[in-house]
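Please open the model in your viewer and keep the selection panel at hand.

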Protein chains: 2
Amino acid sequence: MSPFAETPEPPYYAVIFSNLRTPDDPEGYGGMADRMVELAAGQPGYLGVESVRGADGFGITVSYWRSLEDIAAWKAHVEHQEAQRLGHQRWYQQFELRVARVEQARSMKKPAR
Amino acid sequence: MSPFAETPEPPYYAVIFSNLRTPDDPEGYGGMADRMVELAAGQPGYLGVESVRGADGFGITVSYWRSLEDIAAWKAHVEHQEAQRLGHQRWYQQFELRVARVEQARSMKKPAR
């Protein structure tokens, strides 16, 4: 599966979530992260997600949405709220969450080799 | 050194660069990537950068800037232009570059442990 999100022409919105994991509870975190990816994909206005984590525990996840209202609804989703609570309490040492309006986009893709 | 960018209150701009490396020329790429981080940090309007690459070659780099004009000037920098040319030709299999206006931000940081 491609790690790239297939997004429409701008404008749309990005939630840039930069985070540093604690070393705690990797199984619980992994299960919840998978569940949140699955759940987000079914929400209104969801456009895609791109996510990477380095060996040092620092990660960036960018999710893409049609509107600020869709982002607010996802933030308020009851299962996501519980994930956020556990993230604060247990899984994240530090994070920065930025909501941004995508205004320009360009891409490059070479044939598979 | 912290992997987080220390950005001011919004609004400001983010360049979200999602990319997949080719397996080619890791030394050349690494040297150029380091040089571009150093060079970007000295440009007008530069606010910070956050960057992660996974073991599978997929990476996300987000750089933060004061304005669209600052981003355009950095894109046009002669040394950066050469890096972009080599990236296209040699180092990247695929990329997506999105320019976005950061409108909201929040953060969390726990005491070191």
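What follows is a list of stops, each with something to select.

This is a predicted model, in which local features need pLDDT of at least 70 and side-chain atom pairs count only at pLDDT 80 or more, while totals for chains, interfaces and linings use all residues. Residues are numbered from 1 along each chain as its sequence is written, and chains are lettered from A and ligands numbered from 1 in the order in which they are written.

**Chain A**

Select chain A, whose secondary structure comes to three helices and four strands, where helices (H or I, at least four residues) and strands (E, at least two) are DSSP runs numbered from the N terminus. Followed along the sequence, chain A gives the pattern β-α-β-β-α-α-β. Its radius of gyration, taken over C-alpha atoms, is 15 Å, close to the 13 Å that the globule rule gives for 113 residues, so chain A is as compact as a globular protein of that length; the rule is 2.2 Å times the number of residues to the power 0.38. Along the principal axes, the C-alpha trace of chain A spans about 40 × 40 × 20 Å.

Now show the strands of both chains: an open sheet of eight strands, with antiparallel pairing, has the order 2(A)-3(A)-1(A)-4(A)-4(B)-1(B)-3(B)-2(B), two strands being paired if DSSP finds at least two bridges between them. At the edges are strand 2 (46-53) of chain A and strand 2 (46-53) of chain B, each of which pairs on one side only.

Select strand 2 of chain B together with strand 3 (residues 58-65) of chain B, which pair in the antiparallel sense over seven bridges; within strand 3 of chain B, Ser63(B) is the bridge partner of Val49(B).

**Between the chains**

Where do the strands of the two chains pair over 15 bridges? Select strand 4 (residues 92-109) of chain A and strand 4 of chain B, which pair there in the antiparallel sense, and find Ser107(A), whose bridge partner in strand 4 of chain B is Glu96(B).

Finally, select the whole contact, which takes 34 residues from chain B and 34 residues from chain A. On the side of chain B that touches chain A, the largest share, 18 residues, comes from strand 4 of chain B.

Key: Two residues are in contact if their C-beta atoms, placed from the backbone, lie within 7 Å.
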